[in-house]
Amino acid sequence: MSSTKKSREMIPERIYDMLLNARTADKVTMHFKDGRVVAGALIFNPFKGTGRLINIEREQSVDFSVDDIRELKLQAASV
């Protein structure tokens with residue numbers, strides 16, 4: 001009997017679509033495949049499929065590729 005783990009990874013196409021729509025989000029939380037979790041403001045280059053996540057409070061920035069992301073959560077912009 002083999003046990004199967006349910007994958008929590010989002011498909012790359014869904015992540016790409018969410019990144020394109022993230023312009024209206026105040027904050028983005030990224031869960032990377034290597035286990036890191038980073039939250040902050042997003043800069044995304046759709047032509048290269050790469051970007052940077054900037055956390056101002058921690059003075060931290062992380063460069064990423066769409067292939068590096070396991071899960072993505074957007075926090076809605078406050079009006």
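Leaving aside neighbours within four places in sequence, Leu72 is in contact with Met10, Ile15, Met18, Leu19, Val28, Thr29 and Met30, where contact means heavy atoms within 4.5 Å. This is a predicted model, in which local features need pLDDT of at least 70 and side-chain atom pairs count only at pLDDT 80 or more, while totals for chains, interfaces and linings use all residues. Residues are numbered from 1 along each chain as its sequence is written, and side-chain values use heavy atoms, with hydrogens and water left out.

Confidence is a friendly place to start. The pLDDT, the predictor's confidence in each residue on a scale from 0 to 100, averages 85 over the protein chain, and 86% of the residues score at least 70. Residues 1-6 have a pLDDT below 50, and this stretch has zero contacts in the model beyond near neighbours in sequence.

Leu72 also belongs to the largest nonpolar core, which has 16 residues; Ile15, Leu19, Met30, Phe32, Phe64, Ile69 and Leu72 touch the most other members. Such a core is a set of buried Ala, Val, Leu, Ile, Met, Phe, Trp, Tyr and Cys residues joined through side-chain atoms within 4.5 Å. At least two residues of this core come from each of H1, S1, S2, S4 and S5. These labels are DSSP runs numbered from the N terminus: helices (H or I) have at least four residues and strands (E) at least two.

Helix H1 spans residues 12-21, and its buried residues are Ile15, Met18 and Leu19. Seen down the helix axis, these buried residues fall within an arc of 100°, so they line one face of H1; the arc is that of the directions from the helix axis to the C-beta atoms. An α-helix has 3.6 residues a turn, so residues three or four places apart point the same way. On the other side of H1, Glu13 and Asn21 are exposed. Here buried means under 20% relative accessible area, exposed over 50%, and partly exposed in between, with a 1.4 Å probe and protein chains only. The cover over the buried residues of H1 includes strands S1 (25-32), S2 (37-45), S4 (60-65) and S5 (69-76).

Strand S3 (residues 50-55) has Gly51, Leu53 and Asn55 on a covered face and Thr50, Arg52 and Ile54 on an uncovered one. S3 pairs with S2 in the antiparallel sense over five bridges, and with S4, again antiparallel, over six bridges; two strands pair if DSSP finds at least two bridges between them. Arg52 in S3 is the bridge partner of Ile43, while Thr50 stands opposite Ser65 in S4. In the hairpin of S2 and S3, with four residues between the strands, Gly49 takes a positive phi near 75°. Glu59, in the loop between S3 and S4, has a positive phi near 50° although it is a residue other than glycine. Most residues other than glycine have a negative phi. Glu59 is exposed, with a relative accessible area of 77%.

The structure holds two aromatic pairs. Rings of Phe, Tyr and Trp (its six-membered ring) pair if their centres lie within 6.5 Å; planes under 30 degrees apart count as stacked, over 60 as edge-to-face and the rest as tilted. The ring centres of Tyr16 and Phe44 are 5.6 Å apart and their planes at 75°, so this pair is edge-to-face. Phe44 and Phe64 form a stacked pair, 6.5 Å centre to centre with 5° between the planes. Both Phe44 and Phe64 are buried, whereas Tyr16 is partly exposed, at 27% relative accessible area.
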